[in-house]
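Please read the points below with the structure open beside you. They go through one chain and then the way the two copies meet.

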There are 2 protein chains.
Amino acid sequence: MMNEKLDRLFSPGSVAVIGASNSFDKLGYHVMKSLVGNYRGRIFPVNPKGDEVWGLTSYPSLKAIPGAVDLAVIAVPAGMVGETLHACGRKNVSGVVLITAGFKEIEDPGGASLEAEIRDIAGRYGLPIIGPNTFGFVNLTSAVNASFTSEFSRIEKGGVALVSQSGGICHLCGFLAIEQRLAMSKLMSLGNRCNVDFPELLTYLVNEDDSTKVIALYIEGLDEPRKLLDAARSVGGGGKPIIALKAGKSEKGDSASRFHTGSLAGNHAIWKGALRQAGILEVATAEELLDTAKAIDSCPLPRGPRVAVLSGQAGPGMIASDTLEPSGLSLSRFSEETQRRINDLLPPIAIRTNPVDMGPAWYNPGNIIEILKAVLADEGTDGVIFLAMYASANLKLADGMVEHMKTADPFGKPVIACFTAPPGIWDGPIGALDRKKGVAILPTPERAARAMANLWKVNALANGKGVKTWDR
Amino acid sequence: MMNEKLDRLFSPGSVAVIGASNSFDKLGYHVMKSLVGNYRGRIFPVNPKGDEVWGLTSYPSLKAIPGAVDLAVIAVPAGMVGETLHACGRKNVSGVVLITAGFKEIEDPGGASLEAEIRDIAGRYGLPIIGPNTFGFVNLTSAVNASFTSEFSRIEKGGVALVSQSGGICHLCGFLAIEQRLAMSKLMSLGNRCNVDFPELLTYLVNEDDSTKVIALYIEGLDEPRKLLDAARSVGGGGKPIIALKAGKSEKGDSASRFHTGSLAGNHAIWKGALRQAGILEVATAEELLDTAKAIDSCPLPRGPRVAVLSGQAGPGMIASDTLEPSGLSLSRFSEETQRRINDLLPPIAIRTNPVDMGPAWYNPGNIIEILKAVLADEGTDGVIFLAMYASANLKLADGMVEHMKTADPFGKPVIACFTAPPGIWDGPIGALDRKKGVAILPTPERAARAMANLWKVNALANGKGVKTWDR
């Protein structure tokens, strides 16, 4: 029942915007901006004052709308939310995004009681609410931007769902996603989690949402953390890795959380163990959350920790190698056959053992792709880190790599790459290569190595839950 | 003598490009591309074949050039380098960039003997050589791009000098610098360090190069590490912090270094202690090297570890706070007066203690700047982390902040900020703000916090050398 409603909420046939506005200073203006020209279903602005909002016929009330409404996005003052929810219930709305703030997150205890009230009303009608106190959500898969930030529509469509307890973190991650071509299915802040919380979302995303391949969580503190952990465990077999950034690690940082309850939320050591037991991989930073999610969405998991580093220049290969060991990975040893093949393709002035310095093959993308293939075929290698820094003279390398890699067979092992170039150079070919399944492109050699380590840890976490263990 | 020659090498009145070419496949083509239209001195292409190279009169030999040559950039085959250096000596060239590879870095022992030979020749004429086996250098201060990568000229002019043992790392860092508005004085790879090594460069940059405010090193392995450490110690009083990324931490990563000699180079634990004793701050990644260098170049060092986090949204403030504690910093406690001022400026629905959630003042840059000023004036706060994520509704915030901050008095304490927005939005105002002294803008809250911690560590390292210790 919840899953069905969430399905309609995230992929509505029609959306009403209650509090829609033509005035830039109102959130209802920005929600309209996010929908108009992007969303393909029907949009019903609701505003008692005007005839038209954003060029669309506006309605004085939800009731006055001449058709069904699947999703209501509410951006009216807190005091009007109760009656608005009644109207939603009577109109048989499937779900609500409640952007309005001023509920249990404020110091005034009136906020908490107002929130209890709206939870009751929603319960009466079986109305799932994303929020209150949220920027909304974006469903990239079906082009629904039900948020006050229209720019989120620029994120590419893909397999990463980010479910966050903070709108600010969604904005941070969403904009980094645009820059770094992280392709997402959904991006949302649950706000005060009135009646839709992490457990409901995990269950929905793992069991019902085909477009989601990996789930990234941002957690501050929870009243009932066990519910999240139980839900993660119960959907653990769904084959969709769950990774989390947990805030409130330090005492002071934690006391800043409005959701701090003195329970599990306050003790990071306990959280650490609990997340691991629930099969959730914890990461340390927002960038690591995104890098790891991108790698999981693009690449198969490595079957072991043995990694080959193929680099166009020695230095980047060294700093990637330095990152591997403390992350639990090791540099693979090539078989005699692989080493022979590399020796055929690279002159003796190159470092031909792992980490390989492919410098002398720089002008020959064909040879470089052959080295990559040979290393991927080596049974002693579980994944490849591929590094190439632009220099004027190798301008055509990226194009050549893309041409060759596009037509290559799908890689059965993860390839995490770093193609660093000045802004505007290589953008096209790098983007094309980044969209090929089997390859993920990240900004630096160290971040590529760390993401590879996390792919391996995700596999190890899955192993801990009964999946066949890789055997060296 | 060395310093004088290096001065003329890095800021030459004229440059000869030996091996200059009109053919894209030659490095001499790319060196010409880097100089033409950018360098303001005289350029003399040297090429026996043609009349004109890149539209400039070309000379069959160095000798044929009708004027003085300060810098010779050499990109001819290794076997021709010896006679070319003789020609440079006879022409009274001040210094050489030797791009040509194929010396001691190759397996063939002929490479090492060739390098010994050219070192002898250079010694005879007192010719300093950057290289061999280098991409060259860029001097942003006086617009000299003596490298084969013309795009380095897009890096902004500022106070960070990067001296690297790897051209690949320079390319990685140089392109990240363009993206992240890291402003540099010089960028160079020392290559095989024929007769100009880290010690010479450190001495020159600290004692002679006014444009350099902070020195970032990338080190793989050295034959005589003590010389670098001694040089760092001896220039330690120069007030220019030195930070370093040391590669070869893992056994395998180290064995990849061609410079590995079994001495200090091979043992990272020893390096760690040695760097600290020499007053050099070691960082963990290329991004941390750049973030820290940028913060040092832009901001005064904090006099203590007590930091205020001012955030437009609670989540980013929390993850910044989480990063502070393990990095040796703490959240500052506001004085009563400061707290009163903040309470006047922020409504009670905001979190007004540190970390401050300025959300409700979002539309009012004037109030936000007043909060910043109050916190900077608080004696219990040594630095500020300022975080703002774009949302459609706060479009004008960045403009407003810039307007106010531009006219604000210089900040006596470090302000490290994070203004995250979709590509193309806020670029202008963020760029303007980032160029103001006293403020450094970094990509994420965690990286801002880590850079603040490194500013404090740089101060602590200086304290260890006799500078007055900050007293809590």
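1. Which residue does B:Ala72 stand opposite in β6(B)? Its counterpart is B:Val96. Keep in mind throughout that this is a predicted model.

2. The strands concerned are β5, residues 71-74 of chain B, and β6, residues 95-98 of chain B, which pair in the parallel sense over four bridges. As background, strands of a sheet pair through backbone hydrogen bonds, in either a parallel or an antiparallel way.

3. Both strands belong to an open sheet of five strands in chain B, with the order β2-β1-β5-β6-β7 and parallel pairing. At its edges stand β2 (42-46) and β7 (129-130) of chain B; each has a single partner strand, so one side of each is left without a neighbour in the sheet. Helix α3 of chain B, residues 81-90, packs on this sheet and touches β1 (14-18), β5 and β6 of chain B. The direction of α3 makes about 170 degrees with that of β5(B).

4. Chain B also has an open sheet of seven strands, in the order β9-β8-β11-β10-β12-β13-β14, and here the pairing is mixed. The edge strands are β9 (144-147) and β14 (280-283) of chain B, each with a single partner strand, so one side of each is left without a neighbour in the sheet. From one strand to the next, the twist averages 20 degrees.

5. With β8 of chain B (residues 136-139), β11(B) runs antiparallel, joined by three bridges; the bridge partner of B:Val138 in β11(B) is B:Leu187. With β10 of chain B (residues 157-164), β11(B) runs parallel, joined by six bridges; there B:Val160 has B:Met184 as its bridge partner in β11(B). Between β10(B) and β11(B) the chain passes through α5(B), and this β-α-β crossover is right-handed.

6. Is β11(B) mostly covered or mostly uncovered? Mostly covered: six of its six residues are buried. Compare B:Asn343, which lies in helix α12 (residues 336-345) of chain B. B:Asn343 has 13 other C-beta atoms within 10 Å, so it counts as partly exposed. B:Asn343 and B:Ser61 are 282 residues apart in sequence and, C-alpha to C-alpha, 74 Å apart in space.

7. Now the two chains together. Chain B can be laid on chain A with an RMSD of 0.0 Å by a turn of 180 degrees and a shift of 0.0 Å along the axis. That is the relation of a two-fold axis. In chain B, the C-alpha nearest the axis belongs to B:Glu179, 5.4 Å from it. The same surface serves both copies, as 100% of the contact residues of chain B recur in chain A.

8. How many residues of chain B are in contact with chain A? There are 60, and they meet 60 residues of chain A. Helices α2 (27-35), α5 (167-179), α8 (251-255), α10 (286-298) and α11 (314-324) of chain B each supply at least two residues of the side that touches chain A. The residues on that side of chain B divide into 29 nonpolar, 19 polar and twelve charged.

Methods:
Residues numbered from 1 in each chain as written. Chains lettered and ligands numbered in written order. Predicted model: local features only at pLDDT ≥ 70, side-chain atom pairs only at ≥ 80, totals over all residues. Least-squares fit on C-alpha atoms with pLDDT ≥ 70 in both. Contact = placed C-beta atoms within 7 Å. Nonpolar A, V, L, I, M, F, W, Y, C, P; charged D, E, K, R; others polar. Pairing = 2+ DSSP bridges. Axes fitted to C-alpha atoms, helices over the stretch in contact; angles between N-to-C directions. Buried ≥ 20, exposed ≤ 12 C-beta atoms within 10 Å, placed from the backbone. Right-handed = clockwise from strand over helix to strand, strands pointing away.
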